[in-house]
Amino acid sequence: MGESHDLMNLDWVQADIEQSLQQAQQALEAYLEDAVSMHLQTSYEAVHQVHGSLLMAGVPGAIMLAEQISNLLKAMLAEQVEDLDGACSALAQALVYMPSYLNRVKSDAEDAPALLRTVMNDIREVLGEAP
């Protein structure tokens with residue numbers, strides 16, 4: 001069962017979160033086109049902003065997902081990821097899923113991290129971690 005939250009904080013930061021996630025997605029797409037690590041850094045910085053906003057909003061499930069995304073981006077920047085295609089796919093999936101998860105949290109007034117299990121496990125798999 002999830003946790004109930006005062007969603008006013010999420011209302012305040014959701015537009016910024018969605019904008020930062022869009023920036024992260026665009027940077028990932030640019031990286032896929034030319035493999036310049038600067039794009040990964042841009043994506044990482046955008047996700048770092050998302051993480052900070054989520055901490056203020058108090059949505060633990062989304063915070064965990066943002067941390068997993070950050071961990072994967074850090075590993076990619078450090079060239080510690082063997083399956084780069086899998087990493088990019090997992091990142092793209094997570095970046096696309098986050099806004100819909102936040103919308104669900106708002107509409108249900110409940111944080112349900114179990115809904116993020118598949119997305120987070122895909123990231124953990126690419127990082128060589130246990131699900």
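Predicted model: local features only at pLDDT ≥ 70, side-chain atom pairs only at ≥ 80, totals over all residues.
Ground rules: local features need pLDDT of at least 70, side-chain atom pairs count only at pLDDT 80 or more, and totals for chains, interfaces and linings use all residues. Residues are numbered from 1 along each chain, and side-chain values use heavy atoms, without hydrogens or water.

Start with the core. A nonpolar core here is a set of buried Ala, Val, Leu, Ile, Met, Phe, Trp, Tyr and Cys residues joined through side-chain atoms within 4.5 Å; buried is under 20% relative accessible area, with a 1.4 Å probe and protein chains only. The largest one has 40 residues. Leu54, Leu65, Ile69, Leu72, Met76 and Met98 touch the most other members. H1, H2 (37-57), H3 (60-77), H4 and H5 each supply at least two residues. Helices are DSSP runs of H or I, at least four residues, numbered from the N terminus. H4 gives the most, with 10 residues.

Take Leu54. Beyond its neighbours within four places in sequence, Leu54 contacts Ile17, Val59, Ala62, Ile63, Ala66, Met98 and Leu102. Contact means heavy atoms within 4.5 Å.

Now, how do H4 and H5 pack? H4 (residues 84-108) and H5 (residues 117-127) meet at about 155°, axes 9 Å apart. Axes are lines fitted to C-alpha atoms over the stretch in contact, and angles run from 0 to 180 degrees between N-to-C directions. The pair is therefore roughly antiparallel, the label for angles over 145 degrees. H4 brings Gly86, Ala87, Ala90, Gln93, Ala94 and Tyr97; H5 brings Val119, Asp122, Ile123 and Val126.

Last, Asp16. Asp16 sits in H1 (residues 8-34). From Asp16 to Ser70 is 54 residues in sequence and 17 Å in space, C-alpha to C-alpha.

Methods
Parallel < 35°, antiparallel > 145°, perpendicular 65-115°, else oblique. Buried < 20%, exposed > 50% of the residue type's maximum accessible area, 1.4 Å probe, protein only.
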